[in-house]
Every structure is written in C-alpha cells, then in structure tokens.
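Subject: Structure handover

Hello,

Here is the structure I promised to pass on. Please open it and keep it beside you while you read.

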Amino acid sequence: MPERSYAVFGTVPWDVPWLTEHNLAAALGRRHDVLYIEPPVTPLGPFRYGLRADTPRKLVRVFRRTVRRSSSIGVFCPLAAPPLEHRLARRLSRPALRYQIRRGVARAGIAQPIALSTRPVTDLAGAAGERFRVHL
C-alpha cells in the first residue's frame, strides 16, 4: 500500500498562532507527506492594513505560487480575485483556485492525498485530487 499523504485546508495562514489544523498537519507531517493549503489571498491583501516593512516580502509570496517548506510540512497559498467574500468574485476565482491547488499538490510531490478541513470547502472538493475528504 502506498504511503498516505494529506492536504490540509487551513482556515488561517500557516505563520499565525496555531489552531487545530496546524497541530493536525504537524502531527501528520512526522510520518506522512502533508501540504497545508492556506486560505486564498488577493493581490490587495498585503496592502489591507497599510504599508509595512514586510509588505514587499508578502507581495512576493502572493505572486510566487510556489510551495514553501516549514519543517516537514509543505505550505501553499492560492491567489484569488478581490474581494474574497464577493459572490461573483468567488465564482470567477473558483476555476483558478482549483487549478492552483491541483498544481500546488503536484509541486509538493503528493498524489491522491486525503483532504482534511475544519470548515466546509465544498466549492473546492476534488481540487487536490484527493481520494476522499474528511471534514473535522
């Protein structure tokens, strides 16, 4: 049986105080390949609270579309059209988000992961090419 891999759909970015999904990803990452998928961001996100010293670094991260490593965990952040919570923008962003997630999973070197989420992400079901999805 092939090694299990996991795609964890996070409710917050990886680099914030940890929640359940962070702890779950870290625990699974000790024995399995794990990709933590951050919530989508927009190109306007880094400017949301005004220009700061880390704004250029955040902009590079937004546009780079790569999987970064945090110890044994791969971390990926998809890019969406602004505003994030607007119904039309969400609908227009959905195909691009699904494509980015599929590419992020491939770049992380995992195939057919088990998808885990602590919130419903029904519009992204199947985007990671998952075997099945578990909503915690």
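A word on the source. This is a predicted model, in which local features need pLDDT of at least 70 and side-chain atom pairs count only at pLDDT 80 or more, while totals for chains, interfaces and linings use all residues. Residues are numbered from 1 along each chain as its sequence is written, and side-chain values use heavy atoms, with hydrogens and water left out.

**Strands**

You will need a few terms. Helices (H or I, at least four residues) and strands (E, at least two) are DSSP runs, numbered from the N terminus. Two strands pair if DSSP finds at least two bridges between them. Buried means under 20% relative accessible area, exposed means over 50%, and partly exposed is in between (1.4 Å probe, protein chains only).

Begin with strand β1, residues 5–9. Of its 5 residues, 5 are buried, so β1 is mostly covered. S5, A7 and F9 point one way from the strand. Y6 and V8 point the other way.

β1 has a parallel partner in β2, with 5 bridges between them. S5 has D33 as its bridge partner in β2. Y6 stands opposite V34 in β2. β1 also runs parallel to β5, joined by 4 bridges. There, A7 sits opposite A115.

Now look at β2, residues 33–37. How many of its 5 residues are buried? The count is 4, so β2 is largely enclosed by the rest of the structure. β2 also runs parallel to strand β4 (residues 73–76), and 4 bridges join the two. I37 has F76 as its bridge partner in β4.

What do β1, helix α1 (residues 20–29) and β2 make together? They form a right-handed β-α-β unit. Right-handed means that, with the strands pointing away from the viewer, the path from the first strand over the helix to the second runs clockwise.

**Salt bridges**

Side chains of opposite charge can pair when their charged atoms come close. Here a salt bridge is a side-chain nitrogen of Lys or Arg within 4 Å of a carboxyl oxygen of Asp or Glu. By this rule there are 5 salt bridges.

One of them joins R68 and E38, with the closest N and O atoms 2.9 Å apart. R68 lies in strand β3 (residues 68–70) and E38 in the loop between β2 and α2 (55–64), so the pair ties together parts that are 30 residues apart in sequence. Is E38 buried or exposed? At 5% relative accessibility, E38 counts as buried.

Another salt bridge joins R94 and D123, where the closest N and O atoms are 3.9 Å apart. This pair links distant parts of the chain. R94 is in helix α3 (residues 87–107), and D123 is in the loop between β5 (114–117) and β6 (132–135), 29 residues apart. R94 is partly exposed, at 30% relative accessible area. D123 is partly exposed too, at 33%.

R133 and E130 also meet in a salt bridge, 2.9 Å from N to O. R133 is partly exposed, at 26%. E130 is buried, at 14%.

Finally, salt bridges that share partners join D15, E38 and R68 into one network.

Best wishes
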